[in-house]
Amino acid sequence: MTLILLGLILWSGSHLWKRLAPESRDAMGPNGRTAVAILSVLGIVCMVIGYRAADGAVYWGRTPAMTGINNLMVLLAFYLFAASGKGTRVTRAIRHPQLTAVIVWAVAHLLVNGDTPSFLLFGGLLVWAVAEIFVLNKALGPRGAYHAPPIKSEIIAVVATLVVFIVAAGIHIALGYNPFG
């Protein structure tokens, strides 16, 4: 569980660095982006290795109903993430669709993974995403004007969502975690 925690610290710290300590981040110039990327990748590696090796108390497991709800929520999370990149219409209602996607994804995973390593990993990423939204909203101030994107952006986001969902499901199955029960 120590590796999960280290990964969360690296991930959260690297992403919050720009907003919480802008002077030190700006002092690095373009190298700051590289540092964030390296720390983020290290954080992900630590979280994955730590989660796969972690053991802890189990409070609940998967049920067919929760598995279905989880899959729908993950599909929504993937759409929100894709929508942010294409600037689709959902961005009119949701200011930070990528971070909202992380929140939805984390809650979905907590529904079907009721063990302490999952509480740490998915709960930690949930807390990070909520904190990031608050920090960003404070730094960015009020929202600007909304401009409706072309329908092509919506179609691309939906297609990307389906492709990523299929790929993610395939990876889960290959790792021995069938997301369909």
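## Ser 14 in helix H1

Ser 14 is buried, with a relative accessible area of 4%. This residue of the predicted model is found in helix H1, which spans residues 2-20. A polar atom of the Ser 14 side chain lies 2.9 Å from the backbone oxygen of Leu 10. Beyond residues up to four places away in sequence, Ser 14 touches Ile 9, Val 36, Leu 39 and Ser 40.

## Confidence

The protein chain has a mean pLDDT of 93. In this chain, 100% of residues reach 70 or more. Among the elements, H5 has the highest mean pLDDT, at 97. Helix H2 (residues 22-27) has the lowest, at 85.

## Nonpolar cores

The largest nonpolar core has 16 residues. Met 47, Leu 99, Leu 121, Leu 125 and Trp 128 touch the most other members. H1, H5 and helix H6 (116-140) are the elements that give two or more residues to this core. H6 gives the most, with seven residues. Leu 125 touches Leu 8, Trp 11, Met 47, Val 102 and Trp 105, leaving aside residues up to four places away in sequence.

A second, separate core has five residues. Val 74, Phe 78, Phe 165 and Ala 168 are among them.

## Ala 108 in helix H5

Ala 108 lies in helix H5 (residues 97-112). Its relative accessible area is 0%, so Ala 108 is buried. Ala 108 and Leu 10 are 98 residues apart along the chain, and their C-alpha atoms are separated by 23 Å.

## Aromatic pairs

The structure holds seven aromatic pairs. In one of them, the rings of Tyr 51 and Phe 122 have centres 5.6 Å apart. Their planes stand at 70 degrees, so the pair is edge-to-face. Tyr 51 lies in helix H3 (residues 31-53) and Phe 122 in helix H6, so the pair ties together parts 71 residues apart in sequence. Tyr 51 is partly exposed at 23% relative accessibility, whereas Phe 122 is buried at 5%. Tyr 51, Trp 105 and Phe 122 form one aromatic cluster.

Phe 165 and Phe 180 also pair edge-to-face, because their ring centres are 6.3 Å apart and their planes are at 70 degrees. Phe 165 lies in helix H7 (residues 151-174) and Phe 180 in the segment after H7, so this pair ties together parts 15 residues apart in sequence. Phe 165 is buried at 16% relative accessible area. Phe 180 is partly exposed at 47%.

## A charge over a ring

The charged end of Arg 25 sits over the ring of Trp 17. The distance to the ring centre is 5.7 Å.

Conventions. Residues are numbered from 1 along each chain as its sequence is written. This is a predicted model: local features need pLDDT of at least 70, side-chain atom pairs count only at pLDDT 80 or more; totals for chains, interfaces and linings use all residues. Side-chain values use heavy atoms; hydrogens and water are left out. Helices (H or I, at least four residues) and strands (E, at least two) are DSSP runs, numbered from the N terminus. Buried means under 20% relative accessible area, exposed over 50%, partly exposed in between (1.4 Å probe, protein chains only). A polar contact is a pair of N or O atoms within 3.5 Å; within protein, one must be able to donate a hydrogen and the other to accept it, and residues adjacent in sequence count only if both atoms are side-chain atoms. Contact means heavy atoms within 4.5 Å. pLDDT is the predictor's confidence in each residue, from 0 to 100. A nonpolar core is a set of buried Ala, Val, Leu, Ile, Met, Phe, Trp, Tyr and Cys residues joined through side-chain atoms within 4.5 Å. Rings of Phe, Tyr and Trp (its six-membered ring) pair if their centres lie within 6.5 Å; planes under 30 degrees apart count as stacked, over 60 as edge-to-face and the rest as tilted. A charge sits over a ring if NZ of Lys or CZ of Arg is within 6 Å of the ring centre and within 35 degrees of the ring normal.
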